[in-house]
Amino acid sequence: MCPQTLKVFQYNLRYENPNLDPLFYYLQQYPHHLLVFQETTPEHGSMLKEALKAQYPYQFGGQPRIGYPSGQLVLSQYPLFNMKTIATQAGHQIIHGVWHPPKYKPIELYTAHPPSPRNAQLWAERNALLETLNNLVEDYLDTDNASPAQLIVGDFNLSSTSERYQALFGGFKSNPVSSWPNWSGLRQYLTIAIDHLWAHYPLEICEREALINMAGSDHRPIVTYLTMHRSDQPK
């Protein structure tokens, strides 16, 4: 395990998920610094925001005129600044803002949930979102005084074995973890990695692990342990 660890929890809840009790129980036992959810219904979001507001006071999603952008909700123990959404031409939403844990430099945060490519139209829309996000990240890194610490999190509906995955986000590091589908009795080697996290130096991924005992969703939650190189942390 790496020193001064930041813990990021990401989970596709599944819109049809009837019971979040296992999730609440887990988060009460094992708190994390940043929670990123996909397929969040308004009912899910209201329950999560209310039940976790004391521990995760910084929240994006569920506010008036914002709703849950592409089904996303972000909850954090630490401040979130300048949070906003960026829409693709097809209307899919990327969340972008700044996450600022204490004793760390600000971290540019991007979250996304492109559509599952079940047909040619959705395949094109997924790829358009990936291209938009890739361009946003590259353009930001080219600006003056850009913070190099970058974090990209979400269910990208893109296998880590694909050429497209390998071509995304130059200079970022990732560590694919098999997380879908989470059907009872399915052998681990039959699952694939589509719930991804990329980090840019000085952030470093120490470890990522999928949780296998969370009922209610066809995805497994993933916990990522991050650190920031000391020379790049504020004094």
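Visitor: Which residues point one way from β8 and which the other way, and are they buried or exposed?

Guide: Happy to show you around. This is a predicted model, in which local features need pLDDT of at least 70, side-chain atom pairs count only at pLDDT 80 or more, and totals for chains, interfaces and linings use all residues. Residues are numbered from 1 along each chain as its sequence is written, and side-chain values use heavy atoms, leaving out hydrogens and water. Helices (H or I, at least four residues) and strands (E, at least two) are DSSP runs numbered from the N terminus.

Now to your strand. Gln150, Ile152 and Gly154 point one way from β8, while Leu151, Val153 and Asp155 point the other, and all are buried. Buried means under 20% relative accessible area, exposed means over 50%, and partly exposed lies in between (1.4 Å probe, protein chains only). In a regular strand, side chains alternate between the two faces of the sheet. Since 6 of the 6 residues of β8 are buried, the strand is largely enclosed by the rest of the structure.

Who are its neighbours? β8 pairs with β7 in the parallel sense over 5 bridges; strands pair if DSSP finds at least two bridges between them. Along that pairing, Glu108 stands opposite Gln150.

At the start of α3, a side-chain oxygen of Asn119 reaches to within 3.1 Å of the backbone nitrogen of Gln121. That is a polar contact: a pair of N or O atoms within 3.5 Å, where within protein one must be able to donate a hydrogen and the other to accept it, and residues adjacent in sequence count only if both atoms are side-chain atoms.

Another enclosed strand is worth a visit. In β12, 7 of the 7 residues are buried, so the rest of the structure largely encloses it. Ile222, Thr224, Leu226 and Met228 point one way, and Val223, Tyr225 and Thr227 the other. β12 has antiparallel partners: 5 bridges join it to β1, and 7 join it to β11. Leu226 stands opposite Leu6 and is also the bridge partner of Ile205, while Lys7 stands opposite Tyr225.

These strands belong to an open sheet of 6 strands with mixed pairing, in the order β3-β4-β2-β1-β12-β11. Its edge strands, β3 and β11, each pair on one side only.

In α2, His44, Gly45, Leu48, Lys49 and Leu52 are buried. Seen down the axis of α2, they fall within an arc of 120°, so they line one face of the helix; the arc is that of the directions from the helix axis to the C-beta atoms. They pack against α1, β2, β3 and β4, while the face turned away carries the exposed Pro42, Glu43 and Ala51.

Technical notes. Contact means heavy atoms within 4.5 Å.
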